[in-house]
Amino acid sequence: MKLYMIRHGRQCSNLCNVNVELSHEGHRQAQLTGERLKNYGIQGLYASELIRAQQTAEHISGCLALPVITAKQIEEIHFGDWTGKSDRELDEIWGDLRRQYREGETDVTYPSGESGQSCFKRYEEGMNWIINDAQEKGFSNIAIVTHGIAMRAFLCGVFGIPFARRGLLSYSLENGSITELSFEKGKYTLERFNDYAHLELYDELLRKHFK
């Protein structure tokens, strides 16, 4: 089975993990991603229940003529008390914890939220549900709209990378990027990571402009 993991388009707020709609750029990213996936033979389309993932999936759905199947457990890592805070507030209140995350010193647990390991366990359950559902429906190629840090935690867990190092899996995991996995005989292999070739002609859509 081929799994195309899609990071949702850019949201309309840069506050920490607020459940908001896509920005104008996010809608464009999602549409371009959907256009690229037209020739991939996608048979099933799954998405996190968060608004930015659902709206991204709606654009892809329009391009592929597929319904969106919601999978709650693949939502973003739970940031706990960090949710809704600006980078400035986070640095002022939790500067040391932020440094630990950036430097990969420890598997940071967000205050009242999740660690990389706990996120992985929850996310893995969601992926198992998706794969079982896809197999029951006879799908061999599926797209999954999900979130950046949660996907990093999942990849760490699957491939034996220390969860403390999850922040080093791409400094800029682009919104609308494609990460391709194969799943055969109960094992994952990574075929591509953070592929955003469909966005490269549009510099304004790249993550370096999201501050």
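## A first look at this protein chain

The protein chain exposes about 9,600 Å², with carbon and sulfur atoms supplying 48% of that area (areas come from the Shrake-Rupley method with a 1.4 Å probe; for residues, only the protein chains shown count as cover). Keep in mind that this is a predicted model: local features need pLDDT of at least 70, side-chain atom pairs count only at pLDDT 80 or more, and totals for chains, interfaces and linings use all residues. Residues are numbered from 1 along each chain as its sequence is written, and side-chain values use heavy atoms, with hydrogens and water left out.

**The whole chain**

- You'll find five helices and six strands in the protein chain (these are DSSP runs, numbered from the N terminus: helices are H or I with at least four residues, strands are E with at least two).
- Starting at the N terminus, the elements go β-α-β-α-β-α-α-β-α-β-β.
- The radius of gyration is 16 Å, close to the 17 Å that the globule rule gives for 211 residues, so the chain is as compact as a globular protein of that length (the radius is taken over C-alpha atoms, and the rule is 2.2 Å times the number of residues to the power 0.38).
- Picture a box of roughly 50 × 40 × 25 Å along the principal axes: the C-alpha atoms fill it.
- Of the 211 residues, 54% are buried (buried is under 20% relative accessible area, exposed is over 50%, and partly exposed is in between, with a 1.4 Å probe and protein chains only).
- Among contacts with a separation of 6 or more, 69% link residues 24 or more positions apart (contact means heavy atoms within 4.5 Å).

**Two helices that cross**

- Two packed helices are described by the angle between their axes and the distance between the axes.
- Here, helix H4 (residues 116-137) and helix H5 (residues 148-159) pack at about 90°, with axes 8 Å apart (axes are lines fitted to C-alpha atoms, for helices over the stretch in contact, and angles run from 0 to 180 degrees between N-to-C directions).
- H4 and H5 are therefore roughly perpendicular (that label covers 65 to 115 degrees; under 35 is roughly parallel, over 145 roughly antiparallel, and the rest oblique).
- On the H4 side, the contact includes Phe120, Tyr123 and Met127, while the H5 side includes Met151, Phe154 and Val158.
- By class, this contact has nine nonpolar, two polar and one charged residues (Ala, Val, Leu, Ile, Met, Phe, Trp, Tyr, Cys and Pro count as nonpolar, Asp, Glu, Lys and Arg as charged, and the others, Gly among them, as polar).

- Gln11 sits in the loop between strand S1 (2-7) and helix H1 (24-36), and it counts as buried at 11% relative accessibility.
- Leaving aside neighbours within four places in sequence, Gln11 has contacts that include Arg52, Asn175 and Phe210.
- Tyr101 is in helix H3 (residues 87-103) and is buried too, with a relative accessible area of 19%.
- Not counting residues up to four places away, Tyr101 touches Val108, Tyr110, Ile149, Arg166 and Gly167.

**Positive phi values**

- Most residues other than glycine have a negative phi.
- Ser170 has a positive phi, near 75°; Ser170 lies in the loop between H5 and strand S5 (178-184) and is buried at 17%.
- Asn194 also has a positive phi, near 55°; Asn194 is in strand S6 (residues 187-195) and counts as buried at 12%.
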